[in-house]
Amino acid sequence: VQELDTILEALRDIGSQSDYQATLASIADNLARLIPWDSCVIYLLDEEHEELVPVLIRDPSAEKIAAYRPRKGRGILGTTALGGPGRRILDVTQDPDFEQIPGVPLEPESALVMPMTYKGTVSGVIILSRFERRTFSDHDLRVLDVFSSQASVSRASSWSSRCRRSG
């Protein structure tokens, strides 16, 4: 019951944000309360360049991550951007899709990776990581799925609002 109350409170907080960047920050903050993480990065998909662009980075190697642009269809993040279910990975360094981010130390890292999908279209990817061999559960993945859905709905809403104002 306490977790459900926390989720409902988080969804209210996320829904009350004034702009998309504040919404993403609220999602990261609220995820930290429900699924403690060592790293949270939210990427948006740049369809024109077929790459993911980090728009929110909470990680000790933030500068290196900010410079990295995963390609759609390549690596853990890029294959997640193709759609489908989220992934729970016990150690990303052992995953066949793993691509090291230049300049980021190589260490065992557990991850939850979830596409932000709205009406069948992927707009981005959220990745949560834990270091020092701490792992996530399937339940954590389901909770992330809820927040990823919020992020994608908010993205679609933000995009349509911008189109209405400029049209």
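User: What makes the residues beyond four places in sequence count as being in contact with Leu 31?

Analyst: Contact means heavy atoms within 4.5 Å. Leaving aside neighbours within four places in sequence, Leu 31 is in contact on that criterion with Pro 36, Trp 37, Leu 128, Leu 144 and Phe 147. This is a predicted model, in which local features need pLDDT of at least 70 and side-chain atom pairs count only at pLDDT 80 or more, while totals for chains, interfaces and linings use all residues. Residues are numbered from 1 along each chain as its sequence is written, and side-chain values use heavy atoms, with hydrogens and water left out.

User: Why is the set that includes Leu 31 called a nonpolar core?

Analyst: A nonpolar core is a set of buried Ala, Val, Leu, Ile, Met, Phe, Trp, Tyr and Cys residues joined through side-chain atoms within 4.5 Å; buried means under 20% relative accessible area, exposed over 50%, and partly exposed in between (1.4 Å probe, protein chains only). The largest such core has 26 residues, of which Ile 27, Leu 31, Ile 35, Ile 42, Leu 128, Leu 144 and Phe 147 touch the most other members. Two or more residues each come from helix 1 (2-15), helix 2 (20-34), strand 1 (39-46), strand 4 (109-118), strand 5 (121-131) and helix 5 (138-166), these elements being DSSP runs numbered from the N terminus (helices H or I, at least four residues; strands E, at least two). Helix 2 provides the largest share, six residues. A second, separate core of 17 residues includes Tyr 68, Leu 77, Ile 101 and Val 113.

User: How do you know whether Tyr 20 and Ser 61 are buried or exposed?

Analyst: Tyr 20, in helix 2, has a relative accessible area of 10% and is therefore buried. Ser 61 lies in the loop between strand 2 (51-58) and helix 3 (62-67); at 16% relative accessibility, Ser 61 also counts as buried. Beyond four places in sequence, Ser 61 is in contact with Val 104 and Pro 105.

User: What makes the phi values of Glu 50 and Lys 119 worth a remark?

Analyst: Most residues other than glycine have a negative phi. Glu 50, in the loop between strand 1 and strand 2, has a positive phi of about 50° although it is not a glycine. Lys 119, in the loop between strand 4 and strand 5, likewise has a positive phi, near 50°. Glu 50 has a relative accessible area of 42% and so is partly exposed, whereas Lys 119, at 73%, counts as exposed.

User: How is the lining of the largest pocket divided into nonpolar, polar and charged residues?

Analyst: Ala, Val, Leu, Ile, Met, Phe, Trp, Tyr, Cys and Pro count as nonpolar, Asp, Glu, Lys and Arg as charged, and the others, Gly among them, as polar. On that basis the lining holds 16 nonpolar, seven polar and six charged residues. Helix 4 gives the most, four residues.

User: Where is the confidence of the prediction lowest and highest?

Analyst: pLDDT is the predictor's confidence in each residue, from 0 to 100. Its mean over the protein is 90, and 92% of residues reach 70 or more. Confidence is lowest in helix 5, at a mean of 73, and highest in strand 3 (residues 87-89), at 98. Over residues 159-163 pLDDT stays under 50, and the model has one contact beyond four places in sequence for them. Where pLDDT is low, the predicted coordinates should not be read in detail.
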